[in-house]
Every structure is written in structure tokens, then in C-alpha cells.
Amino acid sequence: MIIRKRLAAALCGALLVTVTGGLLPSAAFADSGDPADGPAAKEPPKVELVLDVSGSMRARDIDGQSRMSAAKQAFNEVLDAVPEDVRLGIRTLGADYPGKDRKQGCKDTKQLYPVGELDRTEAKTAVATLVPTGWTPIGPALLGAADDLEGGNATRRIVLITDGEDTCAPLDPCEVAREIAAKGVDITIDTLGLVPNAKMRAQLMCIAEATGGTYTSVQHKEELSDRVSQLVDRAAEPVVTPVATQGAERCDDAPRLEAGLYADRESFGQHRWYRVDLLPGQELRASVSIAADRPVNRDYGVLLRASTLAGREIVRGEAAGDGRTDVVSTGLRYPKSETDGTDGADDTDGTDAAEGNPAAETVCLRVSNSFSAPASVRTSPGLPLELTIDITGGPRDAGDAAFLGLGHGWWLLGLLTLAGFAAGVLWGWISRWRIAVWRSN
């Protein structure tokens with residue numbers, strides 16, 4: 001039994017190292033600047049947490065306690081973990097006016113703690129005084145938060161935590177978010193919905209989508225504190241901004257991409273094509289993520305396929321989901337040996353590759369998805385797509401293990417088959433020997 005477990009563990013470990021070893025992002029993405037130039041002078045990142053303190057926050061449906069109590073506990077944990085270089089502030093909505101005058105209630109937003117160096121004790125004391133009170137003026141609160149973060153060249157992020165949709169229309173918070181984005185002030189708005197319904201989910205997704213932020217559904221206190229902490233930490237980290245691109249319906253018309261991070265949108269069941277030029281001695285590493293930013297049917301998948309201009313498949317990566325995650329990702333590697341030229345006139349067109357470089361091979365990348373949605377769900381715009389392209393040094397010859405294992409998957413399959421057969425023979429021999437010893441004794 002012990003021998004069997006060790007053999008299985010060794011085989012699984014070898015497979016894991018072989019398959020995943022090359023899909024880690026290159027260090028090229030960690031620093032896009034020139035080290036000789038030194039880091040650019042930039043202000044500390046700014047984050048403002050916008051908390052809903054409306055009357056509905058009294059509801060006791062988060063881990064047996066009220067939404068307000070869960071939010072306060074989560075805030076205390078977040079405040080303890082805020083990085084030293086982050087300038088953090090807190091704004092509330094619906095915290096002061098308990099009356100029925102709608103006009104007055106829709107002005108009920110204020111800055112509870114100013115954006116700046118954090119005094120954790122003072123901030124926690126301010127949060128402890130909050131009591132669920134009034135309306136839900138999300139639009140005015142977002143405008144106030146944008147003003148709180150105004151000025152300078154710092155990374156700026158608004159994190160909105162609410163348990164209901166806005167009650168102050170016609171000031172639509174989604175339109176407010178679009179106005180903030182249109183001003184070019186570079187503010188990202190992330191939204192978190194406590195025990196959300198369909199209408200609130202749609203509104204919060206729209207707000208986040210307008211500024212390149214994220215939407216998260218939260219139903220437990222631990223989820224709330226973890227997610228807010230992640231967003232605050234993200235503001236403190238260098239961020240690679242995706243470059244907007246638009247894939248084509250066929251490879252001949254596809255945009256030519258270099259190493260970098262790209263953003264696009266893909267409709268349900270659509271194929272999107274992109275092109276990458278690869279020289280001998282280089283390795284292409286590509287990955288794609290597609291987010292389900294609206295309700296979708298269960299059981300879906302994403303396929304990333306690399307092929308030649310003539311349509312011959314080189315390698316592929318695929319992944320599937322069952323409705324338990326909002327994002328599905330996959331990736332692939334294609335190493336090109338230094339001894340390789342182009343694959344021939346039937347597969348590549350030398351005059352079309354690398355701006356006339358005949359040694360380059362044009363690799364066609366096709367992104368496909370099998371998402372579907374109920375008839376009531378909008379299909380436009382398409383699903384958000386992020387494509388990562390990295391080009392690194394590749395194998396020196398066709399005997400390279402990475403080339404054989406991932407460029408031609410049959411080699412890896414054959415190796416695993418032989419290893420399994422050898423392990424089975426060995427285990428059978430050991431079993432027979434143990435039985436013979438037992439009988440003789």
C-alpha cells in the first residue's frame with residue numbers, strides 16, 4: 001500500500017511539474033519600466049470605503065447577526081491589515097437622516113474618516129458609532145467619494161459595500177459611474193453586494209463595469225473582510241492596465257499582438273482570433289480568462305487554441321466550469337526550437353510574419369467559449385475577456401523536454417503510459433512475492 005501511494009505521488013508530481021511549470025507569468029510583467037531609469041515618483045495609493053448604513057442593514061441574515069454588525073467586524077479586520085503606504089478613507093450613505101423626506105434622504109452621505117494616513121484606533125471608533133438609519137443614495141455617495149479622492153497621480157479605488165439598490169433615482173448610480181470614468185480621473189470602483197437580489201446585482205455589476213472594477217456577491221462576514229482586504233491590497237500593488245483590442249472572425253484579419261495584457265469582449269459561443277509572431281528560439285506563453293459578469297447557464301467551457309495560418313493545430317488549452325465560479329481561465333505554451341525555420345509555404349506565409357521577417361512564424365490564437373444564458377439575460381456587450389501574451393527564450397532543439405511534452409502532447413501521453421505499465425508490473429511482482437512469503441511461513 002505504501003509503495004503504491006509513493007508511485008502514484010511520484011507520477012502525479014511529475015505530471016504537475018511538466019504541465020504547469022511553463023504557465024507561470026514571466027517577470028517581464030512585474031516591471032514594465034527600465035530599471036536604469038529608477039522608479040517613477042508617484043503618490044501613495046488612495047482608497048475610500050463607501051459603506052451603506054441604510055435601515056435595511058438591520059436585517060439579521062449574515063451568519064446569525066445583522067448586516068451592520070458583520071460589516072463593522074469586517075471593517076475592523078480590514079483596518080488592522082491596511083498596508084502602511086495606503087491612504088485610506090471611509091464614507092457612509094444613509095447614516096444620519098431617519099425621516100421620510102426623499103429629497104433630504106438622498107443627500108445623506110458624508111465622509112466618516114478622511115483619506116490620508118490611517119489612525120487605526122480613530123477609524124475603528126468612527127465605524128463603531130454607525131447605526132442603520134436612512135435611505136440608500138448610492139449615486140450621491142459615489143460622486144462624493146470621487147471628490148474625496150481628487151487630485152494627484154495616485155492610484156485611486158472606491159470600494160462600495162451595500163445591501164440594496166439605489167433609492168434616489170433618477171440619479172442613476174450606473175450613469176454616475178460612467179460620468180466618473182468619462183472624466184478620465186482614473187478611479188476604479190469595486191462593488192460588493194450583501195445578500196443580493198437580481199436587480200441589485202445588475203446595478204452593482206453596471207457600476208463596476210463602467211470603471212473597470214469588479215463585482216462580488218457576499219453572504220458571509222469572512223467573505224466580506226477577505227474581499228475588501230484583497231481590494232485594498234490590490235491598490236497598493238503595481239497594476240498592469242490591459243490594452244484594449246478587438247479580435248477578428250478569422251486569423252487573416254486578426255490584430256497582431258506583442259507581449260502584454262489585452263482586454264476584449266466575446267459574445268456567447270463566439271470565436272475571436274489574434275496573431276502573434278514567433279522567432280526560432282522563442283517560446284509563446286498565452287493565457288485567457290473570461291468572466292461571467294451576468295447570470296449564465298451551468299456547464300460551460302473556454303478553449304485557447306494555437307494553430308498555423310493554414311489551420312493546422314499546434315497546441316491547445318481548455319477549461320470547464322459548472323456555475324460555481326465567475327471566471328474560467330486556461331493557457332498554453334508553444335516553444336519554437338532555434339533550429340526550426342518556418343513550417344513551409346503550406347503552413348506559414350513568410351512575407352506576412354514579423355513585418356517581412358521570413359524566419360518568423362505567425363501563430364494564430366483562437367479563443368472560443370461555450371457560455372449560454374437564459375432568454376431573459378442580455379447578450380450585449382459580450383463577456384469580458386483578458387488575454388495575456390508572453391514571449392520568452394525557447395528550447396535550443398527539438399529534443400528539449402518542454403518542446404516534446406507540450407508542443408506534441410502524444411509524447412507526454414506515451415511517457416505516462418509506459419510509466420504506468422512499469423509501475424503495474426512492479427507492483428504485481430511485489431504482490432506475488434509477498435503472497436509466496438506468506439504461504440511459506
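User: Let's start with Asp63. Why is Asp63 called partly exposed?

Analyst: Keep in mind that this is a predicted model. Asp63 has a relative accessible area of 41%. Buried would need under 20% and exposed over 50%, so 41% lands in between and Asp63 counts as partly exposed. You'll find Asp63 in the loop between β1 and α2.

User: And what makes the phi of Asp63 worth a remark?

Analyst: Its phi is near 55°, a positive value in a residue other than glycine. Asp299 is another case, with phi near 65°. That one sits in the loop between β10 and β11.

User: Is Asp299 buried or exposed, and how do you know?

Analyst: Asp299 has a relative accessible area of 60%. The cut-off for exposed is over 50%, so Asp299 is exposed.

User: Now the rings. Why is the pair of Tyr300 and Phe371 called stacked?

Analyst: Two rings pair if their centres lie within 6.5 Å, and planes under 30 degrees apart count as stacked. Here the centres are 4.4 Å apart and the planes make 15°, so Tyr300 and Phe371 pass on both counts and the pair is stacked. A search of the whole structure finds 1 aromatic pair.

User: What makes this a link between distant parts of the chain?

Analyst: Tyr300 is in strand β11 and Phe371 in the loop between β14 and β15, 71 residues apart.

User: How do you know whether Tyr300 and Phe371 are buried or exposed?

Analyst: Tyr300 has a relative accessible area of 4%, and Phe371 has 4% as well. Buried means under 20%, so Tyr300 is buried and so is Phe371.

User: Why are β9 and β12 called edge strands?

Analyst: The sheet is open, with 4 strands in the order β9-β14-β11-β12 and antiparallel pairing. β9 (271–278) and β12 (313–321) each have a single partner strand, so one side of each is left without a neighbour in the sheet. From one strand to the next the twist averages 15°.

User: Which strands does β10 pair with, and how do you know?

Analyst: β10 (residues 282–291) is joined to β15 by 9 bridges and to β13 (residues 327–335) by 9 bridges. The mark to reach is at least two, so β10 pairs with β15 and with β13, antiparallel to β15 and antiparallel to β13. Gln282 stands opposite Gly393 in β15, while Arg285 stands opposite Arg333 in β13.

User: What makes β2 mostly covered?

Analyst: In β2 (residues 87–93), 6 of its 7 residues are buried. Strand β1 (residues 46–52) runs parallel to β2, joined by 7 bridges, and Asp52 stands opposite Leu93.

User: Last one: how do helices α2 and α8 meet?

Analyst: Their axes come within 9 Å and cross at roughly 35°, and the crossing is right-handed. Residues in the contact include Ala70 and Val78 in α2, and Leu224 and Val232 in α8. The contact residues divide into 8 nonpolar, 3 polar and 3 charged.

Conventions:
Residues are numbered from 1 along each chain as its sequence is written. This is a predicted model: local features need pLDDT of at least 70, side-chain atom pairs count only at pLDDT 80 or more; totals for chains, interfaces and linings use all residues. Side-chain values use heavy atoms; hydrogens and water are left out. Helices (H or I, at least four residues) and strands (E, at least two) are DSSP runs, numbered from the N terminus. Axes are lines fitted to C-alpha atoms, for helices over the stretch in contact, and angles run from 0 to 180 degrees between N-to-C directions. A crossing is left-handed if the near helix is turned anticlockwise from the far one by less than a right angle, and right-handed if clockwise. Contact means heavy atoms within 4.5 Å. Ala, Val, Leu, Ile, Met, Phe, Trp, Tyr, Cys and Pro count as nonpolar, Asp, Glu, Lys and Arg as charged, and the others, Gly among them, as polar. Rings of Phe, Tyr and Trp (its six-membered ring) pair if their centres lie within 6.5 Å; planes under 30 degrees apart count as stacked, over 60 as edge-to-face and the rest as tilted. Buried means under 20% relative accessible area, exposed over 50%, partly exposed in between (1.4 Å probe, protein chains only).
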